[in-house]
Protein chains: 2
Amino acid sequence: MERRPELLPLPQLHAFVVLAEELHFGRAADRLGIAQPPLSQQIRRLEDKVGHALFTRSPGRVALSAAGRELLPAARRALTGLTEGLAAARAAGSGRTGHLRIGFAASLALTVLPGLLRTHRERFPQVELDIREMTTAPQLAALRDGTIDVGLLREPPGDDPDLAFRTVLTEPFVAVLPSAHPLAAHRTIALADLADSPFVLLPREAGPGLHDRITSLCATAGFTPRVVQEAVEWQTVCALVETGLGVSLAPAGMRRIRLRGVAFRAVVPDEARTCVAVGWRRGDQGPLTANLLETIRAS
Amino acid sequence: MERRPELLPLPQLHAFVVLAEELHFGRAADRLGIAQPPLSQQIRRLEDKVGHALFTRSPGRVALSAAGRELLPAARRALTGLTEGLAAARAAGSGRTGHLRIGFAASLALTVLPGLLRTHRERFPQVELDIREMTTAPQLAALRDGTIDVGLLREPPGDDPDLAFRTVLTEPFVAVLPSAHPLAAHRTIALADLADSPFVLLPREAGPGLHDRITSLCATAGFTPRVVQEAVEWQTVCALVETGLGVSLAPAGMRRIRLRGVAFRAVVPDEARTCVAVGWRRGDQGPLTANLLETIRAS
DNA sequence: CATTCTGATATCCCTGGGGATATGGAACGG
DNA sequence: CCGTTCCATATCCCCAGGGATATCAGAATG
């Protein structure tokens, strides 16, 4: 049990501020919409709590005392700050404004994310979008503990009691090859042709869904990819491919990474695709989140 | 009658802030020193006033809602600001700290003022001294309307129902001459010798007491000073004397103004002196003012 | 299935703050 | 000398808000 702070009732502070501006009990009471004696009481009560006079009442003239001068700015800030905070809270509750925290997979920074941010900013200019790059697993945790409101990730997990997901788009895989690689000469590649090449992939912890999708894809093609190096970002993966360390399989959106010495080639059995989804808390009733989901759905 | 702002009771805001930190009704209630049901009520009441939920109560986990996130900083600022303001007001009321506004005649900036500021700062390091240069008449008005708490001026007016004065020091007059002036060759000067010289003086409105003192001094010496120029600051007066425009009579403290081409010479009938006084409001009971007067008295 | 932990509900009590009206008293102005 | 202005005081009323206790409902836990 902590020390309880002494609380100055806000009506008294309001009366104090108005009286400090008017320096006249009658007019101040008018502005406050109350009679004069109650105003005298308010000030007296406040002075009792402070322990010192806040005004000097010389006959005919009312003036702030030293204590009153020190209290006035704090009282003003508290009152205006609270009314503004109240308005901000209401606006946020009704969805007109506020902060929306969005987690996103790094692989989306070049594809869906920019358009989404632009569109939603057009629809709701007052809403600030706090975006933070994070891999799938941290996104799920952040969604659960409320650190983010919306997550953009690949390969959402199956049924979750707390979280809901909706597919935003699906895209095929492409092979990532060094330009010097023999297969880079072809426009399309059969997956089985990569069986003997070393692979560069994201670590499974970063996104189990996508990782499993890739390995199972290889399994159906009849081989297990031999991973020689892992990297947490696709940019890094491509850079490693460029050095000739190995090849990779990546979502087609990664073609946006234009890197000299790296070739992207379509994979012929393109029935297997990767899924980009948006996730949110099932319990989240906030209009801010709902509006963003609507923006995503419409785009 | 102005629109009355909606007021969020501070106990509710305190409960809100603590709950936002704990995210657990039981622990928050403990910290607040109350039972859990009242806390639920506080939050509910606050949510009613805001019009939106401030927390999302998923079973087992409590988290801030969007509206709550917007309100939290305002609530924090208001609470801390008010406790600090309250402490500041109490400190000011008891004289430990605060702001003291001092008006002073420009002619004192080089003499009594620096020592006074230094001494008082040593006695009360926490008290901020706001000094502002102003002539006598504005000082009296500022004292009356509470714009300043203490005034340092020359030739205080006689009995005043609202204001009190105490003499700080008296000093003789000196003649201010251009170095080239024939009288500058003497160490002392008889006032009557200045009868034919043109005078540079402060305007009477700036300080009637001092002005009248000077003219009556001349009258007793048998002449009326012929004023050819007025200036509101002694620095300017000396500068004008230096150009040869005329001579002047100034308080001895003005000797501190070391200006090439200007000579200060004692006046032989030195029985007439000018008085530097400190003034304050009779009704001012504040310890800040009392402490400053004590500092002045002791120095 | 019982237990525990969580928060919400339902009552009830009571203080005190905020309001009004009527009156007093000091200072100022004609 | 009287009226006005202005603030303080004295009462009184009312109820919203803050508190407590007891109980309930839903999840998680073992």
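How far is an N or O atom in the side chain of A:S40 from a phosphate oxygen of DNA strand D? The notes below start with that contact and then turn to the two protein chains.

1. **Ground rules.** This is a predicted model, in which local features need pLDDT of at least 70, side-chain atom pairs count only at pLDDT 80 or more, and totals for chains, interfaces and linings use all residues. Residues are numbered from 1 along each chain as its sequence is written, chains are lettered from A and ligands numbered from 1 in the order in which they are written, and side-chain values use heavy atoms, with hydrogens and water left out.

2. **Contacts with phosphate.** For A:S40, the distance between the side-chain N or O atom and the phosphate oxygen of DNA strand D is 2.9 Å. B:A35 uses a backbone N or O atom instead, at 3.0 Å from a phosphate oxygen of DNA strand D.

3. **What kind of surface.** The residues near DNA strand D comprise 10 nonpolar, 8 polar and 5 charged. In this grouping Ala, Val, Leu, Ile, Met, Phe, Trp, Tyr, Cys and Pro are nonpolar, Asp, Glu, Lys and Arg are charged, and the others, Gly among them, are polar. The largest share, 6 residues, is given by α3(B); helices here are DSSP runs (H or I, at least four residues), numbered from the N terminus.

4. **Chain against chain.** Now for the protein partners: 47 residues of chain B are in contact (heavy atoms within 4.5 Å) with 47 residues of chain A. Together the two chains bury about 4,100 Å², with 62% of it on carbon and sulfur atoms; this is the accessible area (1.4 Å probe) lost on putting the two parts together, summed over both.

5. The interface of chain B and chain A holds 2 salt bridges, each a side-chain nitrogen of Lys or Arg within 4 Å of a carboxyl oxygen of Asp or Glu. B:R69 pairs with A:D149 in a salt bridge, with the closest N and O atoms 3.3 Å apart. On the side of chain B that touches chain A, α4(B) supplies the largest share, 20 residues.

Terms used:
Polar contact = N/O pair within 3.5 Å; in protein donor to acceptor, adjacent residues only side chain to side chain. Helix = DSSP H or I, 4+ residues; strand = E, 2+ residues; numbered from the N terminus.
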